[in-house]
Amino acid sequence: MKIKYSELIDQTLYFPTEEFNVSENNLLFHDIPLMDVVEKFGTPLKISYLPRISQNIQKAKSWFKEAFEKTEYKKNYTYCYCTKSSHFKFVLEEALKNDISIETSSAYDMDIVKSLYENGKVDKNIEVICNGFKTDDYLAKISDMINSGFENITPILDNYRELDKLTESIDTTFDIGIRIASEEEPKFEFYTSRLGIGYKDIIPYYSQKIAEHPNARLKMLHFFINTGIKDTAYYWNELYKCLRVYARLKKIAPEVDSLNIGGGFPIKTSLNFDYDYQYMVEEIVSQIKKFCEEEGVEEPNIYTEFGSFTVGESGANIYKIISQKRQNDREKWNMIDSSFMTTLPDTWAISRHFIMLPLNRWEDTYERVFLGGLTCDSDDYYNSEQHTNAIYLPVFSDTKPLYIGFFHTGAYQETISGFGGIHHCLMPQPRHVLIQKDENGELQYEIFREKQEPEDVLKILGYK
C-alpha cells in the first residue's frame, strides 16, 4: 500500500522536473536546498532566483533563432521585457544582461529607464517600446527623453490624441507604432479591447495623419490579445487579421518594418504542464513569412513582449503550517503563517493556480487538506474548490513542523498586493531574499527587504 507523500507524487505527477527534485526527504528548487534557506531566513519568505530570468530569455531567443533558420526568415527578432510584470531593480538588471529591449506602460516606467541610464546600466541607445493609454505626464516624459537623445524610444499609439500631443512636444524626427484594438474571446464582457485603434480605422488614420507627417515615422504595428499565445482558432484568426492590416500598410507605407506580436507565453503552473514552445514559435514565424510572400510584401522584424514568462518562474513563496483546524468530519484546514490575499493575490482575485509542494517530510503519510490564510476574510484560502486539483500534504503534526512552497510566483504578485504598504488585516510584508550564483556556481544570498515590523505599519497609518 502506497501511503507516503513521495509515492503520491510518483503516481500522479511528472517528477522530478527541470526545476524540482528531492534530496534526503527535502525539496530542492533549482538545486537550492529550501530547508536550509528556511533555517537561515525563517518564514514567511519570498525568494527570487535571478538566474531563471536569464535562462528563460535565452530559451525564447533560441526558439526564434531556430525558427528563423528553419524557415529562412530574413529579418530580426527582438525580445522585450514587459516591465509591468515586475518593476524591481534586480529584475531589470538581470534581464538587461541578455541584450533585450524594454516595454513600458506608464509614466513612472520612464523614470525607471532614466534611473537605469544614470546608473550606467543602459545607454541612450536602449530600445523602449511605450505601450498603454498615455496620460499627459507619460507623453511629456516620452517627449523629453526623445528630445534628450534617446532615439530608440517608440511610443505605440493607443488613440488618435497621442500623436497630436507628441507632435507638439518633440522637436526632432521620431518613430511611432500603432496598437491594434483586437477582438476578444466571447467569454469577455466586451467585444473589442479598450486598448488600441480598430482594424478598419488604421489605414485611413495613416493616410490622413501620418503619411505626410513632418517628423513622425510609422515603424511598428502592435498586436496583442489577453488570452495569450495559444494554438487555438481564435489566436490564429486574430493573427491573420493583424497580418492583413500589416500587408495593406506595408504597400502604402514602406517605412513600416516591424510587427510586435505582444506577450502571452504561459509559464508552468502545474507539474503536468504541457506547452510546445518551439512548435508555437515555428508556426507563428512560418505563418508570418507565408502570408507576406502571398501578399508580395517584405516580411517584418518580429518583436515579442514577455513579462510573466521572463520573471514568473524565478519566484517562490514559502510558508510554515502553524496549525490545523478541523471544522467538520471531512474538512481539515492547514493554516499558513501569512495570507494568500496579501502575498499571492492572484489566488483569490483570478483563481490562479501555482505549483505547490511541501519542502520537507516527503516520506511521511499524507492527507487531504484545505489551506487557509491568517486574515479574517473568507476568501483568504487556497483549495480544490477554487482550483483544479485537491491538495494533499504530509499529515499535520504538532511536533514535526511542515513547510510548503508556492512556486513560479515572480510576476505581478507584489505590485498587485502593494509592496511594503498596508495590507488586509495588517498582514506584514514577508522578508524577501534574492538568490544568485557566482562564477563558480555557488549560491549567493542577499536580503532585498526585511519583513515589515509593527512600527513600519503604524508609521504609514499615521500613528507615529
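Helices α8 and α9 are roughly parallel to each other, a label given to angles under 35 degrees, with over 145 counted as roughly antiparallel, 65 to 115 as roughly perpendicular and the rest as oblique. The model is predicted, so that local features need pLDDT of at least 70 and side-chain atom pairs count only at pLDDT 80 or more, while totals for chains, interfaces and linings use all residues. Residues are numbered from 1 along each chain as its sequence is written, and side-chain values use heavy atoms, with hydrogens and water left out.

**The α8–α9 pair**
- The axes of α8 (residues 199–210) and α9 (residues 233–252) come within 10 Å and cross at roughly 15 degrees, where axes are lines fitted to C-alpha atoms, for helices over the stretch in contact, and angles run from 0 to 180 degrees between N-to-C directions.

**The barrel**
- Eight strands close into a barrel in the order β5-β6-β7-β8-β9-β10-β11-β12, with parallel pairing; two strands pair if DSSP finds at least two bridges between them, and helices (H or I, at least four residues) and strands (E, at least two) are DSSP runs numbered from the N terminus.
- Strand β6 (residues 101–104) is joined to the parallel strand β7 (residues 128–130) by three bridges, and Glu103 stands opposite Ile129 in β7.

**Helices on the sheet**
- Helix α6 (residues 136–147) packs on the sheet and touches β6, β7, β8 and β9, its direction making about 150 degrees with that of β8.
- Helix α7 (residues 160–169) also packs on the sheet, touching β8, β9 and β10, at about 145 degrees to the direction of β8.

Note on methods: Contact = heavy atoms within 4.5 Å.
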